[in-house]
Amino acid sequence: MVGAEALASSSSSGGGLDEATARRRFVTVSFLFWLPIGMSIATGVLLFTERGMGLAAVAGFYAVHSLTAAAMELPTGGLSDVIGRRPVLAIAGLLNLAAFTLIGLGSAGWAIVLGMGLMGLARALSSGPAEAWYVDTVHAHAGPDADLRTGLARGGSATSAALALGTLLGGGLPWLLGLAPGLGEWLTDTTGGLVILLSVPALLGALVEVVFVLYVLSALTEPPRVRTGVRGVVGGVPAAIAAGLRLGARDALIRRILLTASAAGAALAALELLTPGRAATLMGTAESGALVFAGLACAGFLCHALGSQLAPLVARFAGSSERAVLVSLGLVTLGLTFLGLTAHAMTSLATTAAVTGYGLVYLGLGAAGPNENDLLHRRVDASGRATALSVQSLSLQLVAAGAGLTAGSLPPGPLPWLLAAAVVLAGALLWVRRAAPAKPRPGGVPRTETDGTAPVSAHP
């Protein structure tokens, strides 16, 4: 197991990268990882329904993804802290390669379940290592007081840009290919039904994963770590898990961040499950609905990118990162309310209000993320940074799974949207009262709010 002292010593070189280079590589990795996921977003629900699956079954597929990610968040976060960021990210890319192949080709329920499970495992593996690598590298080059918000915001913007571009590609490709007379039928007949127009984006995403893995292996240089054998990995990961579970109990501010991530999970589950169906109903066909949803999702991700870029400005305007989270979640609540109130309406005014609400949800989530993570990284140290991010993602995935199943079982209409809005509002209210600042220890090392120790480490 890599101790905090060994990691601090080994990271002193920072891999020889300056802040600007580390930021560019972090942005590139973020873009490449999320681009194929974006390509599958516009067609995911519609692909499954075209394969003959009902909405409840589709919700179950997404629950498999979320629950797998939730179950593996802490083990994989601890694995990254033990063996390094680069190998864990490369494994995540290979798992996504297999997942997109199964989803693109699979017409049976078991193949889709397996693909969604592998994607959930890849999500768990990827939820912390890239950001932890960036923060470790910046700290090694510029010290623990270096500005993180700018890099985190650009990483969030790159993620959103990748999702936006991927969604446009994923939604546009089936529609464009469908313009060619007989191409869809030929593709289906030639492959024995394995490949249909809606599955092309997932298969193209599998090719992008190859590029992602190659870039991770070549660009994310890390300082040498203490050699860790199988026994060290097996022994180190459970310790990281146990310490990760203690994070929320030890620090009230981290507890708020985790609960806020849960609220974001409810919002995202409602958007991802319910919006494609609304678009398809509006347009009348699955392919046209995928195209409309692709445009809408692209606009949403661009709003998320804008929110991420505005996160430092929102913090300055609001007076602190904590107040910025409160304002941002207020926008999310308002957006979900708009979507709920227009669920049964088809007028131009209602459609405009729904599109506005959709954009507000992503704008608010984008502005909240960098401010939450800025607070988080100032509470944890390098030895447990990836584990802390995994705990945060765990909170999001667990609630997303439950919220998706709930939304899929409720009758269509305002209720699923308004329930999600209520969850986000509860998360926003957590930030009304400002948390006590960390108290400095003698020598300038900060204490946490609750236990008076140094910044929370995921290792004991």
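**Figure 1. Ala367 sits in helix H15.** This view comes from a predicted model. Ala367 has a relative accessible area of 5%, so this residue is buried. The cut-off for buried is under 20%. Setting aside residues up to four places away in sequence, Ala367 touches Gly307, Ser308, Ala311 and Ser328. Along the sequence, Ala367 and Leu313 are 54 residues apart. In space, their C-alpha atoms are 9.3 Å apart.

**Figure 2. The whole protein chain has 17 helices and zero strands.** The chain holds 460 residues, and 54% of them are buried. Its exposed surface comes to about 17,800 Å². Carbon and sulfur atoms supply 69% of that surface.

Figure 3. The average pLDDT of the protein chain is 77. A score of at least 70 is reached by 80% of the residues. Two stretches call for care in reading. Over residues 1–15 the pLDDT is below 50. This stretch still has 27 contacts in the model beyond near neighbours in sequence. Residues 438–460 also have a pLDDT below 50. Beyond near neighbours in sequence, residues 438–460 have 73 contacts in the model.

**Figure 4. The second largest pocket holds about 670 Å³ of space.** Its lining is made of 31 residues. Closest to the centre of the pocket are Leu274, Thr275, Gly277, Arg278 and Ala279. Which elements give two or more residues to the lining? They are helix H2 (19–50), helix H12 (252–283), helix H13 (286–318) and helix H15 (348–377). H12 gives the most, with nine residues. How do the lining residues divide into nonpolar, polar and charged? The lining has 22 nonpolar residues, eight polar ones and one charged.

**Figure 5. Ser262 is part of helix H12.** H12 is also the helix that gives the most residues to the lining of the second largest pocket. Is Ser262 buried or exposed? Ser262 counts as buried, because its relative accessibility is 14%. Which residues does Ser262 touch, not counting those up to four places away in sequence? They are Ser395, Leu396 and Val399.

**Figure 6. Ala219 belongs to helix H9.** Leaving aside neighbours within four places in sequence, Ala219 is in contact with Arg25 and Trp133. Thr28 gives another distance to follow. Ala219 and Thr28 are 191 residues apart in sequence. From C-alpha to C-alpha, Ala219 and Thr28 are 9.6 Å apart in space.

Notes:
Residues are numbered from 1 along each chain as its sequence is written. This is a predicted model: local features need pLDDT of at least 70, side-chain atom pairs count only at pLDDT 80 or more; totals for chains, interfaces and linings use all residues. Side-chain values use heavy atoms; hydrogens and water are left out. pLDDT is the predictor's confidence in each residue, from 0 to 100. Contact means heavy atoms within 4.5 Å. Helices (H or I, at least four residues) and strands (E, at least two) are DSSP runs, numbered from the N terminus. Buried means under 20% relative accessible area, exposed over 50%, partly exposed in between (1.4 Å probe, protein chains only). Accessible areas come from the Shrake-Rupley method with a 1.4 Å probe; for residues, only the protein chains shown count as cover. On a 1 Å grid over the protein atoms alone, a cavity is a set of points where a 1.4 Å probe fits but cannot get out, and a pocket is an open set with protein on both sides within 12 Å along at least five of seven lines; lining residues have an atom within 4 Å of a point. Grid points are joined across faces, edges and corners, and a volume is the space filled by probe spheres set on the points. Ala, Val, Leu, Ile, Met, Phe, Trp, Tyr, Cys and Pro count as nonpolar, Asp, Glu, Lys and Arg as charged, and the others, Gly among them, as polar.
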